[in-house]
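Hello,

Here is the model we talked about handing over. Please open it alongside these notes.

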Amino acid sequence: MAVARSPGLSLAAAAGGGSLLFRQLFDADTGTFTYLLADVSSRKGLLIDLVFEQHERDLSLIGELGIELVASIDTHAHADHVTGSWLMHAATGCAIGLAAATRADNVTLPLVHGDRIVFGGRSLEVRSTPGHTDGCISFVLDDQSMAFTGDALLVRGCGRCDFQQGNAHTLWNSITEQILALPDSCLLYPGHDYTGRTVTSVAEEKAFNARLGGDATERDFVGHMENMKLPHPHKIAEALPGNMRSGKPRNAMPELAWAPVSRSYAGLPELEPAWVAAHRSEITLLDVRSADESNGPDGRLSGSLLIPLPELEARSTEIPSDRPVVVVCHSGSRSALATQQLLKAGRAQVANLHGGLSRWRSEGYPLDGIDL
């Protein structure tokens with residue numbers, strides 16, 4: 001799936017005027033955070049801790065922003081979800097990064113303590129932080145303003161140590177020597193949170209982490225960790241084998257049934273004008289503008305079915321059910337809403353014309369009632 005970058009988009013503006021673009025993404029089913037970092041000047045970026053089921057979302061975001069993905073990297077072999085790294089590698093050609101100690105298949109960038117992962121003019125330092133698993137690593141931004149701690153250190157907590165080579169003594173050393181040794185001002189971004197907490201800092205965790213902050217000693221920490229008695233993650237039987245393949249499915253992914261539909265970062269199924277132009281005889285083109293617009297200076301697509309958006313629900317039975325539907329309007333805005341309405345009504349084969357008739361015209365495709 002390829003998502004077209006907006007030609008007028010300023011990545012610097014998207015990054016808030018800074019030199020580094022940063023996004024924190026969330027998977028509600030597993031409480032997993034995925035992170036995107038990109039160097040504004042080069043447009044090169046990294047993704048950290050992808051979730052298999054969120055592949056379309058993540059690919060859409062880097063496509064819309066026009067980011068060249070250097071690598072998809074994981075903090076460890078997760079027990080609660082399957083990584084999306086292999087899917088992202090297949091879609092973009094990016095490297096798959098994971099701790100060499102994990103010994104997983106399909107890894108193209110085996111990582112060890114002290115490595116630097118470069119993306120344009122920026123980089124992440126790899127720090128080995130085992131204890132939750134033997135292969136846990138944390139990533140520290142080059143200026144030490146932020147670090148990505150995976151499951152080693154969470155907000156006011158830390159990763160469990162009762163399975164998958166976990167060891168509380170090892171985790172204590174990892175956190176105190178590799179993470180809390182960073183500057184107090186360093187922001188820490190965890191791999192998970194289940195209560196809505198998105199970020200913490202070295203200073204906060206030193207002061208308030210009940211397991212290892214304040215006056216807690218290694219003895220206190222180990223005593224806490226060895227008596228937690230937590231149930232195993234409910235996806236562990238699926239996640240661990242999947243992550244030892246870097247997320248590569250056991251079986252081939254099913255081919256798209258009817259068209260090369262892409263999903264925008266907003267989740268909208270879209271089709272490019274070129275495909276629509278080449279397959280017009282196989283689809284219903286549904287124009288949701290007003291009759292005055294259809295007969296106006298913007299023109300119309302030959303053979304399209306006109307049902308203005310306010311009338312769509314009442315007249316939906318007029319839309320043929322024996323072929324897919326591509327919805328159009330002037331810019332793709334009203335047709336986006338119409339597409340969502342049709343999907344909610346149970347139509348599976350429906351997509352929005354990306355950019356609407358405005359883009360259709362700009363790419364040189366013909367319109368009735370207008371001379372190009």
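Predicted model: local features only at pLDDT ≥ 70, side-chain atom pairs only at ≥ 80, totals over all residues.

Residues are numbered from 1 along each chain as its sequence is written, and side-chain values use heavy atoms, with hydrogens and water left out.

The sheet. Six strands make an open, mixed sheet in the order S1-S2-S3-S4-S5-S6. Strands (E, at least two residues) and helices (H or I, at least four) are DSSP runs, numbered from the N terminus. Two strands pair if DSSP finds at least two bridges between them. Strands S1 (20–27) and S6 (109–111) are at the edges with a single partner strand each, so one side of each has no neighbour in the sheet. From one strand to the next, the twist averages 20°. S1 pairs antiparallel with S2 (32–39) over eight bridges. Leu20 stands opposite Asp39 in S2. H2 lies across S1, S2, S3 and S4, at about 160° to S1. Axes are lines fitted to C-alpha atoms, for helices over the stretch in contact; angles run from 0 to 180 degrees between N-to-C directions.

Helix H3. In H3 (85–92), Ser85, Leu87 and Met88 are buried. Buried means under 20% relative accessible area, exposed over 50%, partly exposed in between (1.4 Å probe, protein chains only). These residues cover an arc of only 160° around the axis, which puts them on the same side of H3. The arc is taken from the directions from helix axis to C-beta atoms. They pack against S3 (44–48), H2 (55–65), S4 (68–73) and S5 (95–99). Contact means heavy atoms within 4.5 Å. Just after H3, Gly93 has a positive phi of about 80°.

Ser246. This residue is in the loop between H7 (236–243) and S15 (262–263). Ser246 is buried, at 3% relative accessible area. Residues that Ser246 touches include Ser85, Trp86 and Asn106.

Aromatics. The structure holds 11 aromatic pairs. Rings of Phe, Tyr and Trp (its six-membered ring) pair if their centres lie within 6.5 Å; planes under 30 degrees apart are stacked, over 60 edge-to-face, the rest tilted. Phe22 and Tyr35 are stacked, 6.0 Å centre to centre with 10° between the planes. Phe22 is partly exposed at 21%, whereas Tyr35 is buried at 1%.

Best wishes

Key
Lists of a residue's contacts leave out its neighbours within four places in sequence.
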